[in-house]
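I opened the model today to look through its chains, domains and sheets. My notes follow in the order in which I looked things up.

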Amino acid sequence: MRHTLSNMKKIFALLTLLPLSLLANLNIAVSYPYIGALTKTIGGEDVKVTVLAKGKWDPHFIIPRPSLISKMRNADAMIMNGGQLEIGWLPPIINRAGNPKTMPNTKTFLNLSHHVKLINKPKSVDRKHGDIHPDGNPHFHISPKNILILAKTIEEFLSKIDMKNREIYKKNYNDFSKVWHQKMAFWKKKMKEKKGLKVIQFHDNLAYFNKEYGLVNIGTIEPLPGIPPSSKHTIATIELIKKEKPCCILHDVYHSTKTADFISQKTGIKVILMPHDIEALENIDNLSALFDYLTSAIK
Amino acid sequence: MKKIVLTSMLCAGFAYGDIAQLLEADKRTFDSSKYIPDISLIADFSYVNRSINDDELSHLGLPGIAHGLYAEHAHGGSNEATYNANQGFNFNYAELILSSSVDPFFSMDATFHFSEHGVEVEEAYFTTTALGNGLRLRGGKLLSNFGYMNAQHHHYWDFGDMPLVYESFLGTHGINELGAQLQWTAPTPFYLMAGFEVLQGDNEQMFGNGSVNIEEFTGVEEDSIEGTDAPSLYVGYIKSSFDFGDTTVLGGLSYAQGDSMIDHSDDHEEPHVFKGDAKLYGADFVALHAIDSYRSVKWQTEWLSRELDGTQYNLYDAFTSPDINKKQSGLYSQLVYTHDKNWKMGVRYDTIYQNDVMLNGLDTNKPDDLNKYSAMIEYHTSEFARFRLQYNRNEAMYNEDGLRQNIDTISLQANIAIGAHAAHSF
């Protein structure tokens with residue numbers, strides 16, 4: 001009996017290890033495409049990245065497809081955005097996969113939101129106020145400054161879980177940091193004249209982007225976070241626009257622009273699509289392209 | 001010294017009032033409030049208008065399959081009710097759900113089902129989180145992962161009632177048992193999961209192993225129909241899923257086998273007990289196409305087939321005990337369209353198309369065209385509150401005279417959730 005058991009164990013181990021050993025050194029599951037891009041940049045050849053969500057989808061509402069369970073099951077580490085952005089879809093996948101390496105609060109699990117300063121933390125938490133994030137606005141990656149902090153966080157994380165390659169990760173980070181600093185200067189210059197512009201959004205996705213470049217968000221099309229537009233609130237928004245004269249409506253790619261178009265028609269201000277992640281629009285296939293687009297969109 | 005006394009007196013005074021004002025929670029030395037598990041409460045209410053009255057409904061059944069299925073009925077000393085049992089207003093349940101990790105190796109979940117008749121522990125189980133290799137072990141009272149719908153709670157269903165084939169083969173709770181479950185997710189690039197469960201085997205419609213006392217019928221002291229040893233129910237399944245662009249398909253095959261003891265000795269007319277072996281086969285298929293982040297179309301269908309083989313002990317007249325062999329099969333198929341965060345609508349077709357009941361080898365010619373048609377529309381004010389209008393046409397029920405009684409039902413259901421409730425899996 002004992003003999004069969006140990007034999008079975010061996011076969012089992014073989015079955016489990018075989019597909020992983022054929023791949024790169026580390027297989028890292030990440031929730032969103034931007035984390036995938038950063039991890040690939042820092043990890044280089046030694047890291048295989050598996051992105052769970054698609055960039056064109058609303059990051060709050062990802063369908064927990066069973067294929068994601070397999071991706072999680074086969075991962076060596078997990079990097080998530082955090083700040084409750086994944087709360088509606090990631091927990092059942094982590095639980096079903098039963099992978100000790102991707103369990104929260106383990107050495108191989110990274111919650112990025114713990115490493116940046118979140119803004120707009122609500123003073124009181126009550127669902128009367130809509131679907132709010134108790135820890136603050138979780139869309140912190142739409143800010144070049146934060147991207148650099150996140151890259152550093154990922155570099156430290158990878159170095160910790162894969163010590164032998166830490167020099168490579170460090171070099172990759174330094175290379176990235178150099179290029180990114182140049183780009184940040186370029187984007188800053190581009191956005192200089194936009195400082196102080198008032199904007200309307202659908203959902204406060206761009207809080208960190210606006211903060212970095214001095215844009216002022218004066219209202220959202222949804223009456224409360226996560227609550228679909230109502231006619232009453234739309235009329236109030238039209239009044240607000242007439243009074244405050246914002247430049248434009250900055251709109252995400254996944255909500256319908258129906259209400260925004262209606263408001264635009266009534267007030268004459270433009271609706272501008274603002275991608276929130278890589279793949280959100282067709283030509284945006286890397287992080288620089290994302291910020292090139294965002295910093296050129298407001299004309 | 002005086003100062004200390006004064007302060008401590010003051011403190012005592014405050015403590016008596018509201019200690020939270022004195023010290024923030026995270027500064028209290030032995031405070032454990034951070035460890036409070038996720039708590040949620042889900043309540044379900046409905047308003048029902050049915051074409052027949054409650055008393056008539058409680059006497060209807062599916063010939064050779066199940067009877068006394070709907071409406072409130074007393075069973076084994078406890079009063080049970082199906083969802084939407086009464087005409088007019090129904091309080092279906094208030095479900096209290098607690099869940100938390102236990103330590104680095106386990107998590108624990110429990111669901112308490114409160115109704116006007118009392119509290120039932122619907123689920124209470126611990127799950128391993130650290131086995132690795134795709135393995136997961138669960139023990140306690142649990143919903144079996146047989147098929148697709150069995151493991152889902154009522155509040156996650158797309159219709160307010162259970163599919164006919166589930167309800168009539170397994171009862172309103174499905175396979176909800178005490179036992180152990182082992183699941184293994186294969187290290188494949190696509191989803192492949194296999195599971196095995198050993199369960200106590202106590203289901204009022206299909207499985208059972210307890211002895212039934214028949215002293216009151218035979219007059220023989222301590223006379224009973226002998227049960228078998230528990231655990232006596234074994235369930236196995238395999239599930240796989242693939243993505244094709246924005247379309248996801250999930251398919252599964254399931255099998256359950258166990259001892260059967262169906263106790264109808266409480267029936268007013270023709271009391272009887274069935275003892276034998278039971279087998280249940282299942283095949284499920286789900287396809288979901290996401291049009292965008294909020295719009296989707298979901299097709300869900302499950303086929304169930306069962307075989308019961310044993311002896312029926314008729315506890316009336318001549319006390320006959322014929323051999324019974326039942327082969328019964330049915331399916332449901334439903335299509336649900338989610339329009340946006342507010343609106344959802346769907347249709348469902350239910351059928352039991354095979355109903356072969358052999359009595360001592362002779363066909364009893366039971367009806368095998370038992371159908372039900374349903375349509376629903378839902379409005380969600382948020383993720384936490386939904387209101388559903390549903391229409392059912394049930395053409396599967398027969399009265400005690402063997403006549404078909406079609407039932408039309410309109411129900412308006414409110415399902416409301418508060419607190420921290422974990423997201424659902426696919």
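**Chain B, overall**

I noted that the model is predicted: local features need pLDDT of at least 70, side-chain atom pairs count only at pLDDT 80 or more, and totals for chains, interfaces and linings use all residues. Residues are numbered from 1 along each chain as its sequence is written, while chains are lettered from A and ligands numbered from 1 in the order in which they are written.

I then looked up the extent of chain B: its C-alpha trace spans about 95 × 60 × 50 Å along the principal axes. Chain B has 426 residues, and 34% of them count as buried (20 or more other C-beta atoms within 10 Å of the residue's own, with C-beta atoms placed from the backbone).

For secondary structure I found 4 helices and 23 strands in chain B. Helices (H or I, at least four residues) and strands (E, at least two) are DSSP runs, numbered from the N terminus.

Chain B is divided into domain 1 (1-35) and domain 2 (39-419), with bounds that come from an automatic or database domain assignment. I read 51 Å between the centres of these two domains of chain B, taken over C-alpha atoms.

I followed the pairing here, where two strands pair if DSSP finds at least two bridges between them. S14(B) (residues 233-244) and S15(B) (residues 247-264) run antiparallel and are joined by 12 bridges. In this pair I found B:Ile238 opposite B:Leu253 of S15(B). The hairpin of S14(B) and S15(B) has 2 residues between the strands, and B:Gly245 takes a positive phi near 60° there.

S15(B) is also joined to S16(B) (residues 272-290), by 18 bridges, and these two strands run antiparallel. B:Val249 has B:Ala287 in S16(B) as its bridge partner.

**Where chain A meets chain B**

How many residues of each chain are in contact? I found 31 in chain A and 33 in chain B. On the chain A side, the elements that give two or more residues are H1 (2-21), H3 (66-73) and H4 (90-97). H3(A) gives the most, with 5 residues. By class, I noted 19 nonpolar, 7 polar and 5 charged residues on that side. Ala, Val, Leu, Ile, Met, Phe, Trp, Tyr, Cys and Pro count as nonpolar, Asp, Glu, Lys and Arg as charged, and the others, Gly among them, as polar.

**Domains of chain A**

The domain assignment of chain A gives domain 1 (12-185) and domain 2 (194-297). Their centres, taken over C-alpha atoms, are 26 Å apart. The contact takes 26 residues from domain 1 of chain A and 23 residues from domain 2 of chain A. On the domain 1 side, helices H2 (33-43) and H5 (144-161) of chain A each give two or more residues. H5(A) provides the largest share, 4 residues. I noted 12 nonpolar, 8 polar and 6 charged residues on the domain 1 side.

**A sheet in chain A**

Last, I looked at an open sheet of 4 strands in chain A, which has the order S2-S1-S3-S4 and parallel pairing. Its edge strands are S2(A) (47-51) and S4(A) (109-111), each pairing on one side only. S3(A) (residues 77-80) runs parallel to S4(A) and is joined to it by 3 bridges. I found A:Met80 opposite A:Asn111 in S4(A).

Notes. Contact = placed C-beta atoms within 7 Å. Buried ≥ 20, exposed ≤ 12 C-beta atoms within 10 Å, placed from the backbone.
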